[in-house]
Protein chains: 2
Amino acid sequence: MTPEKTVARLSLYRRFLKLAKDEGTSNVYSHQLADMVRGTSAQVRRDLMALGCSGSPQKGYDVNELIKHIDEFFNTSEVVDVILVGIGNIGRALLSYFKSGKSHINIVASFDSDRQKVDRVINNSKCYYIEELSKFVSENNIKTAILCVPASEAQQTADVLMHSGIKGILNFAPVRLKLPANIFVEDVDITMNIEKLVYFSSGKRK
Amino acid sequence: MTPEKTVARLSLYRRFLKLAKDEGTSNVYSHQLADMVRGTSAQVRRDLMALGCSGSPQKGYDVNELIKHIDEFFNTSEVVDVILVGIGNIGRALLSYFKSGKSHINIVASFDSDRQKVDRVINNSKCYYIEELSKFVSENNIKTAILCVPASEAQQTADVLMHSGIKGILNFAPVRLKLPANIFVEDVDITMNIEKLVYFSSGKRK
DNA sequence: TTCACAATGTGATTTTTTTCACAAGACAAT
DNA sequence: ATTGTCTTGTGAAAAAAATCACATTGTGAA
């Protein structure tokens with residue numbers, strides 16, 4: 001029901017709202033939020049309307065209230081548990097990135113097919129042998145996975161994830177995973193991003 | 001003129017076309033390409049139409065011809081030179097990711113403010129001290145940068161990039177860069193991606 | 001030959017997303 | 001009090017993107 005783009009922006013709003021809160025700001029105007037996400041104030045107001053929030057023309061929106069609403073929307077005032085599969089360069093970078101504990105994302109375990117990596121604790125999350133993935137996922141009721149295995153192994157690993165009960169996959173492999181429609185896949189495709197960037201930044205019009 | 005989404009998909013098509021070519025495939029149907037990018041055949045045909053390509057109902061599209069057209073479209077049958085700024089975990093992962101030489105992206109140099117890292121060669125690209133960035137960029141006419149510095153340094157580094165003549169920035173910092181509109185910025189925001197994923201994969205409707 | 005099939009190319013339509021634009025309300029300043 | 005200035009909330013319009021649907025056309029089987 002909520003537009004996909006709105007969902008994406010809500011995540012961003014929340015991040016900036018928390019920063020604002022930490023700085024002691026208690027209310028914000030739509031145009032301030034707009035600045036933070038490269039959008040327009042009308043868009044922000046629309047998004048917040050979809051959320052069911054409202055502000056006042058005088059004080060704008062209440063920071064705390066907004067955060068609370070977005071937390072509720074994402075239904076995760078608490079942290080979301082996620083697993084990571086494939087401890088290569090990118091995998092490790094992500095482990096490091098999320099170890100801070102500052103975000104809502106908690107990588108509770110990582111998996112790899114290289115026995116050398118097993119049992120090591122990298123940035124707070126213990127590495128398991130890939131064979132244990134299924135058990136871990138079902139026992140801990142994990143729904144989301146970050147997939148960082150090489151392209152050649154991506155599909156088969158994704159199949160394992162699916163059969164284990166994973167419902168959402170953030171896929172870093174430059175491969176289009178074939179999975180049933182009820183599994184939600186989001187691709188992070190850096191090569192594509194750069195090519196797009198090069199295209200649009202070389203004058204070809206925006 | 002060409003829709004942004006089409007540009008993104010063209011990059012993907014090319015990747016799969018090259019794989020297909022390597023496997024000896026000489027022509028493809030729109031529905032095959034569609035499968036590879038999670039799209040529909042009509043969409044593929046539209047995209048290719050925008051490109052100015054045409055196929056035949058019998059043989060579909062000619063793989064070589066398509067690749068040639070897309071190369072021309074991106075105007076880079078040759079490799080694109082890019083720099084990377086910030087050699088932290090993500091930076092290193094990207095250096096490794098692109099060292100293969102298989103892609104169109106060539107990271108020609110990297111920069112960091114940590115003198116310890118300077119002069120090391122990581123995955124083919126030499127690391128320079130950040131102060132040398134401006135000179136390097138203008139001398140080598142670099143137009144595109146990958147920004148992987150910590151959030152706290154992102155904006156000031158982006159300013160330097162802009163003043164050096166960079167036109168496109170792939171930004172990994174969880175910060176919205178404020179730059180003039182003629183600089184094209186593409187954000188890679190993993191936290192946001194995961195939050196979106198969690199939202200949509202937990203049944204909240206697609 | 002004739003028929004059924006499969007795939008392209010593309011108007012037309014629908015859906016999704018963004019933007020416009022303005023009434024309404026509170027405040028500050030005069 | 002009156003005026004000018006902000007900003008919200010939101011219909012209405014526009015723009016962007018995806019989808020539908022169908023005429024068209026080789027090809028191979030009957």
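Is B:Cys148 buried or exposed? In this predicted model, in which local features require pLDDT of at least 70, side-chain atom pairs count only at pLDDT 80 or more, and totals for chains, interfaces and linings use all residues, residues are numbered from 1 along each chain as its sequence is written. Chains are lettered from A and ligands numbered from 1 in the order in which they are written, and side-chain values use heavy atoms, with hydrogens and water left out.

B:Cys148 is buried, its relative accessible area being 11% (buried means under 20%, exposed over 50% and partly exposed in between, with a 1.4 Å probe and protein chains only). A search of the whole structure finds zero disulfides over all chains, a disulfide being a pair of cysteine sulfur atoms within 2.5 Å. B:Cys148 is accordingly in no disulfide, and the nearest cysteine sulfur, that of B:Cys127, is 12 Å away. In chain A, the sulfur of A:Cys127 is too far for a bond, because the closest cysteine sulfur, in A:Cys148, is 12 Å from it; A:Cys127 is also buried, with a relative accessible area of 0%.

Around DNA strand C there are 21 residues, of which A:Arg46, B:Ser30, B:Ser54, B:Gly55 and B:Tyr61 come nearest (a residue is near a strand if one of its heavy atoms lies within 4 Å of it). Of the atoms of DNA strand C that come within 4 Å of the protein, sugar and phosphate account for 65%.
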